[in-house]
Amino acid sequence: MTAIAPGIATYGVLHGVGVGPGAPDLVTLRAQAILRRAPVLALPRSCDWGGSKAWEIVAPSLGDVAGQERIFLTFPMSKDPARLRPAWDRALDAIGARLARGQDVAFVTEGDPSLFSTFIYLQREAPRRWPGVRVEVTPGVSSVMAVPAVTGIPLADGQERIAILPGTCGLDDLDDVLARFDTVVLMKIGPEMPRVVAALERAGLLDRAVYVSRATMAEQRIARDLREVGAERGDCFAMVVVAKKERSGVLAGDVPPRSRGGVP
Ligand SMILES: C[S@@+](CC[C@H](N)C(=O)[O-])C[C@H]1O[C@@H](n2cnc3c(N)ncnc32)[C@H](O)[C@@H]1O
């Protein structure tokens, strides 16, 4: 709870809590402690009838906490402000009502809250809506770090440079980025896989790329031939990593069989 000034509203603390890429045992101890203590969990999902990936990740370790409220907030996967605005208004109203009652709210995000996360907007909006509110970020294991772990392909060493690109907007300079960086991470690919494959073919880098969907989750999938994946509609938890440098021979053959980050 935040004491702002005598006689002025006292808000609860707004937490952005990263819970990792999917495996329940990649939720950090700090995240677990905050989630256990928080009177309110705010759990994002992409449609009213669907589940929340964030909740799916924490449910096994957290379970039902006595007296804890869970609010599921729908953020449609859309760039259309007419669809997004009302969803955001509802979410902000729901969170604001709890903060104004002095309750701490833990907004749970998949991966890390500071990378392509809904929480980033909330973090920006919070001081405007709730002046003096304290916002705390608890980092999580990002999918960017989970993917190298499950493929055995490191991201960078020594002087190497990495680029992280969102596929949903801004693949226009992909040829240039592929030429200039040692490792390129493509997130949020959605329906753009054919464009990614075409750019990799032009650059002669198709055999240096790996596609990973749902890293560390039970449904994890790793594909070395991106053309196979090209025909499929992109998975919303998938990324492509292009690592130019061959370090261990991994890229020359199959991705080694690896554990799924602790998923039994
Ligand atoms: C909205 S962003 C969220 C990123 C998240 N905050 C993080 O730190 O990993 C969603 C994108 O992250 C990537 N992603 C998230 N989880 C993933 C996973 N388990 N395996 C592969 N990619 C994943 C995908 O590129 C997906 O489109």
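**Helix faces, core and ligand shell in a predicted model**

Ala198 is located in helix α7, which spans residues 193-203. The model described here is predicted. Within 10 Å of Ala198 there are 15 other C-beta atoms; burial requires 20 or more, and exposure 12 or fewer, so the residue is classed as partly exposed. The C-alpha atom of Ala198 is 9.3 Å from that of Arg227, a residue 29 positions away along the chain.

The protein chain contains 8 helices and 10 strands. Of its 264 residues, 38% are buried. Among contacts with a sequence separation of 6 or more, 72% involve residues 24 or more positions apart.

In α2 (residues 53-62), the buried positions are Lys53, Ala54, Ile57, Val58 and Leu62. Viewed down the axis of α2, these residues fall within an arc of 150 degrees and therefore line one face of the helix. An α-helix has 3.6 residues a turn, so residues three or four places apart point the same way. The buried residues of α2 are covered by elements including α1 (29-37), β2 (40-45) and β4 (105-109). Gly63 follows α2 and has a positive phi, near 60 degrees.

In α5 (143-151), Ser143, Val144, Ala146, Val147, Val150 and Thr151 are buried. Their arc about the axis of α5 is within 160 degrees, so these residues also line one face of their helix. They pack against the strands β6 (162-166), β7 (183-187), β8, β9 (221-223) and β10. Just after α5, Gly152 adopts a positive phi of about 80 degrees.

The largest nonpolar core comprises 65 residues, of which Ala106, Val108, Met239, Val240 and Val241 touch the most other members. The largest share of this core, 6 residues, is supplied by β10. At least three core residues come from each of domain 1 (14-138) and domain 2 (143-252). In soluble globular proteins, nonpolar side chains tend to be buried together. With residues up to four places away in sequence left out, Val108 touches Val17, Val19, Leu41, Ala42, Leu43, Ala54, Trp55 and Val58. Ala54 and Val58 are also among the buried residues of α2.

The ligand is surrounded by 25 residues, the closest being Gly111, Ser142, Ser143, Met187 and Ala215. Elements giving two or more residues to this shell are α5, β8 (209-213) and β10 (238-243). The largest share, 3 residues, comes from α5. By class, the shell consists of 13 nonpolar, 8 polar and 4 charged residues. Because domain 1 and domain 2 both give residues to the shell, the ligand lies between them.

Backbone angles were also considered in two loops. Most residues other than glycine have a negative phi. Phe116, in the loop between β4 and α4 (118-129), has a positive phi of about 45 degrees although it is not a glycine. Phe116 has 18 C-beta neighbours inside 10 Å and so counts as partly exposed. Thr216, in the loop between β8 and β9, likewise has a positive phi, near 70 degrees. Thr216 is buried, because 25 other C-beta atoms lie within 10 Å.

How values were computed
Residues numbered from 1 in each chain as written. Near = placed C-beta within 6 Å. Helix = DSSP H or I, 4+ residues; strand = E, 2+ residues; numbered from the N terminus. Nonpolar A, V, L, I, M, F, W, Y, C, P; charged D, E, K, R; others polar. Domains from an automatic or database assignment. Arc of directions from axis to C-beta. Contact = placed C-beta atoms within 7 Å. Core = buried A, V, L, I, M, F, W, Y, C linked by C-beta atoms within 7 Å.
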